[in-house]
Amino acid sequence: MKISYNWLQEFIDLDLSPEELADKLTLIGLEVEEIEEFGSTLEGVIVGEVLETKPHPNADRLKVCTVDLGDEKVQIVCGADNVAEGQKVPVATVGSTLPIKLDDGSFLTLKKAKLRGEESHGMICAEDELGLGTDHDGIMVLDPSLETGTPISDIFDLYQDTIIEIAITPNRPDATCHLGVARDIAAALDLELVKPAVKVPESSNTSDYSIEIESDKCHRYVGKLVKNVTIEDSPKWLQDKLTAIGLRPVNNVVDITNYVMYELGQPLHAFDFDNLNDGKIIVKEFDKEIEFETLDHIKRKCEAGTLFICDGNGPVAIAGVMGGLHSEVSDSTTNILIESAYFDPGSIRKTSKQQTLQTDASYRFERGIDPNLQAIAAQRTADLIIEVCGGEAEAGITDIHPVKTETHQLTLRKSYVNRLLGTDLSVEEIIQIVNGLELDVVSKNEDTITFEIPTFRPDLKREVDLIEEVGRLFDYNKIGSKNQGIFVSTEPLTDWELLLSKTRDVGVHLGFKEIYSNSLISQKEALNFVTEEQMIETLNPLNKDMSTMRPSLMHGFLKSASYNFNRKAETIRFFEVGNVFVQSEDATYHDGINEQTHLLFGLSGFKNTEHWTGKATPFSIFDLKSEVNAFFTKLGLAGNIKIKATDESSLTYSFKKIELGKVSTVSQTLLDVYDIEHQTYIAEFSLDKISEALTKNKAKSFTAIPKFPAFEFDFAVIVEQEISAGDLMNSIKTNAGNTLKNIDIFDVFEGKSIGEGNKSIAFRLNFIDPNKTLNIKEVEPIIQRVVKSLEKQFSAKLRS
Amino acid sequence: MLDKVEALKKEIESFPVSNSDELENFRLEFLSKNGKIQSMFKMIGQVAKEDKAAFGKSMNDLKNLAQNRFDELQSSFASSTTAERSATDDITLTAPLSPVGSLHPLTQTLEEMKSIFYRLGFTISHGPEIEDDFHNFTALNFPPNHPARDEQDTFFVRKSDDPKVDDLVLRTHTSPVQIRLMEKQKPPIRAIMPGRVYRNEAVSPKSYFLFHQVEALYVDENVSVADLKDTLITFAKLMYGNDVKYRLRPGFFPFTEPSLEMDIWWGSKEKGKWLEILGSGMVDPNVFKAAGVDPEKYTGFAWGMGVERIAILKHGIDDIRSFYENDIRFLEQFN
């Protein structure tokens, strides 16, 4: 909300500059977003006389003028059609600043310039360029009797102000007006607050009009009739004040209702009384949708339950939001009915939202205005209308007040204040701090103070709410340190946290770059990884590209890989840790939803790019398998990981019975979807499952280095092509017994010599016995056993 | 026969060798399979039986002589002539690149924050990204008609008219983890809760529909604003340097009362400005009640801040979207 520095001065005697005031406002919770100068003293803008005008030699539309500035004659290039010899004109001289905002936020300062080759020492100004009006049709022509050289500020009544834009938090409806802001400043600076003098008359029993409230959403409706007003433009002081805070002057009556709203915080409406049928005001809801044309000429469909102000015929305004076209104050209006009401905040919020229309009035009603302000505001408006627009007001007011809001009392414990704020304030100090907020002390003792809470502070409902008032006015920056900001904690980091950080560390050590990808993807993209039944979708997506929760980290990797290949990358080596979501009976936090943290390692493109040391080589799945092996080795799980081929292109990794995830070659179909032209390999594991595996992992952290050397034995078998090395190894592991410590494959061969459709796989086995040196005699029977079962299970033949 | 051996010996000794081409000729002449020494060996059949041993020995001497001369000459060429070096012996040639792993800049910022909090005695806790209405809103003292509960602000995953079935949303902040923590752990509690959050916001250089927050919570019997202040200031100093200029000002959040925001001065003394870096406050009694903590017995402070915002400030990044594009040219600047 825009607050005028000048306006505030009407209520408080401020000794602070606008900048100092802005700092103070921010520190008491009225956060200043911007400070802006309004208007200008037009220093350096003076009266000049046009002595001569000549056409510009290089530009048809420009004229070269000689202008007498009193003590010198200068040449000025002017583009206005109406410039003529003998005119007295306002001239912005070189060095003067005009209230014209430049792109960088500063104001235009005149410099000596050359326009199409002709020198120009200043500028002859139009009305709008001086901020004196909106006219831009040519330059401003002044009274010929003015003396040249006279400052413009001597001729015009120039209005200058500083506008402070503040962000009002939702708990402070009282600060949506100048008086409310002034009250806070007065409280913080211990100043006297002078409120406008308003004498509220008794409720009258006028027969000129009637007000009826037929809905519990209207707590109060005050009407006041003013007759025989003259509708015209507002006087300059009123226009200046409203323009300064960003309002557009309309006419004197409408301007006054806006003025009082910004002064006291009460939204007001003025009806053209003669257009109100039967002189009746009825506040009511309808149980059906109503079409209604508001004064912005929009025909609005208002849902059943919308609160309306009606006359004898029907709706004349949407209560608290906007008036109707028919009863709008116009130039021919003579009699005015002022509306000053309190509407239920929830009802106004609902209507405003339904109509997507927030007005100055609805903004205030929604937040909750003072329910006891209506009569004062109506009278204040009437007083100003009579002062500005003439006419005479009815003696009393009509005040229909079915729902009354009383002030309430709140008790504050000094002990609790100090406990919560960490202060050491006395009862008297606390009273002194909040004194300016118009909180009357009802009673007090050594620990408690009971305050009467005014109705303009609906946010003060509990003791803590009052403590906030003490804190903000005391200034949080002044609360002393207890030097307790650093604590000693014996609580260790959780295993989960350690796993997350170790996972990332290992990823980095293995040379992978971490990525963060979007967790909202399109339904189509999600379908590449899960079925429709498994997908979790948001009900209100931003757009269809971001409708579904990612069921896998693969999409993010493939998308990022593709993005980088399109930008000439050759090697993709990424990892990501992030949550994935699927519908599942195996719920984690919420029914039917499984949310887990996954880890992805992905390789795509070239392991080695073209280089003099060797040819470019693309990644293979074995590169990824070896990184994954390194990862599990780092976690201490590698020895117990079982790898099983799920199909030709994917391997399932498990620990005991826990399936941890998969390493796979990305299918050509999927690569085509992402427009990737390189072989791509992805490992995706569930960290939740890995965490579970770690709790079950009994591997010792240290075992003594074996005292006896290992016995190494190599052998090769010939098997049919279809038989996988993994199956052979699993069989070897099962049959070799516990002296087998390591197994690897050192040669794979196929060729005519071993028969068409066959392959030879050579294994290297390492045996260790902790108690003795093994020799061939002990290992041979093991090998025989192993080979025999390979022969039996896979028809393998030992290759000599 | 022995004079032939003697002649060959002379020939070996006198064969002119002054460069590696001539050395190769030398090798072909004497040491190769069809060279003169091998050829002469083959003549052993023509040697008389009693001379065979002497012939064999002199032939071996001859072979050693030739081999030694060859080896000497070869090593002398290798050490004396640079011109003879292989092109790949140039150590200024480029080396192939090793893969360099890196943490995402947001992780790096988060790690920095975590390490500060860990130093301050805070542990770390986590919660789900899909959250129920109770944890995300109700328990945090959001009134039923609060704008944050609108579809314009929050992504809904499940919505039900049945009051017994809680709506599910993508959590809009990490504060629900506070509730989860207080539900399962008795005070004292001192933890931070990092994580991904979602807001239904249009994408622009300044805003994204998902981002990351870190929440901090401290609950004990006598936690005060003074403690909050001490912790905030210590954090700001560790994060932004000991001479960081800061201020605290009142703010408003449904789940804290009183609420405070912290600004730090960013930029030079003249041209800088106050920048909001975090929101904080004393845990609202209603939040304690919802989480089953006695608000008369315990007090506490909470605070939350955006990871992206801090990373953006730190690195001068101008487009928040660049965090999620994963452009290698972006990522490799944060090695």
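Me: What separates the centres of domain 2 and domain 3 of chain A?
Reply: In this predicted model, the centres of domain 2 of chain A and domain 3 of chain A, taken over C-alpha atoms, are 45 Å apart. Domain 2 covers residues 45-155 and domain 3 covers 210-400. Chain A also has domain 1, written as two stretches, 2-39 and 161-189. The others are domain 4 (409-478), domain 5 (495-696) and domain 6 (711-799).

Me: How should I read a strand such as strand 40 of chain A: which strands are joined to it by bridges?
Reply: Strands of a sheet pair through backbone hydrogen bonds, either parallel or antiparallel. Here strand 38 (residues 711-720) of chain A runs antiparallel to strand 40 of chain A, with ten bridges between them. One position to look at is Glu712(A), which stands opposite Asn766(A). Strand 39 (residues 740-749) of chain A is also antiparallel to strand 40 of chain A, through eight bridges. There, Asp744(A) has Arg764(A) as its bridge partner.

Me: How many residues of strand 40 of chain A are buried?
Reply: Nine of the ten residues, 758-767, are buried, so strand 40 of chain A is largely enclosed by the rest of the structure.

Me: In what order do the strands of the open sheet in chain B come?
Reply: The order is 1-5-6-10-9-8-7, seven strands in chain B with mixed pairing. Strand 1 (123-124) and strand 7 (246-253) of chain B are at the edges with a single partner strand each, so one side of each has no neighbour in the sheet. Within this chain, strand 8 (residues 256-266) and strand 9 (residues 273-283) of chain B pair antiparallel over nine bridges. Ser259(B) has Gly281(B) in strand 9 of chain B as its bridge partner. Strand 8 of chain B also holds Pro258(B), and the peptide bond from Glu257(B) to Pro258(B) is cis, with omega near -5 degrees.

Me: Which residues of helix 7 of chain B are buried?
Reply: An α-helix has 3.6 residues a turn, so residues three or four places apart point the same way. In helix 7 of chain B, the buried residues are Pro176(B), Val177(B), Gln178(B), Ile179(B), Arg180(B), Leu181(B) and Met182(B). That is seven of the nine residues of helix 7 (176-184), so this helix is largely enclosed by the rest of the structure. Among the elements covering its buried residues are strand 5 (189-198), strand 6 (210-220) and helix 9 (285-290) of chain B. The loop between helix 7 and strand 5 of chain B contains Pro188(B), joined to Pro187(B) by a cis peptide bond with omega of about 5 degrees.

Me: What is the nearest side chain of opposite charge to Lys513(A), and how far away is it?
Reply: Lys513(A) is buried without a salt bridge, and Glu332(B) is that nearest side chain, 5.3 Å away. The side chain of Lys513(A) does make polar contacts, one of 2.8 Å with the side chain of Asn335(B) and one of 3.5 Å with that of Ser102(B). Lys513(A) belongs to strand 28 (residues 513-514) of chain A, and the residues it touches include Arg573(A), Phe574(A) and Leu331(B).

Me: Is Asp475(A) buried or exposed?
Reply: Asp475(A) is buried, at a relative accessible area of 11%. Its phi is positive, about 90 degrees, although Asp475(A) is not a glycine. Lys656(A) also has a positive phi, near 50 degrees, but Lys656(A) counts as exposed at 52% relative accessibility.

Conventions
Residues numbered from 1 in each chain as written. Chains lettered and ligands numbered in written order. Predicted model: local features only at pLDDT ≥ 70, side-chain atom pairs only at ≥ 80, totals over all residues. Heavy atoms only, no water. Buried < 20%, exposed > 50% of the residue type's maximum accessible area, 1.4 Å probe, protein only. Helix = DSSP H or I, 4+ residues; strand = E, 2+ residues; numbered from the N terminus. Pairing = 2+ DSSP bridges. Domains from an automatic or database assignment. Contact = heavy atoms within 4.5 Å. Lys, Arg positive; Asp, Glu negative; His and termini not counted. Salt bridge = Lys/Arg side-chain N within 4 Å of Asp/Glu carboxyl O. Polar contact = N/O pair within 3.5 Å; in protein donor to acceptor, adjacent residues only side chain to side chain.
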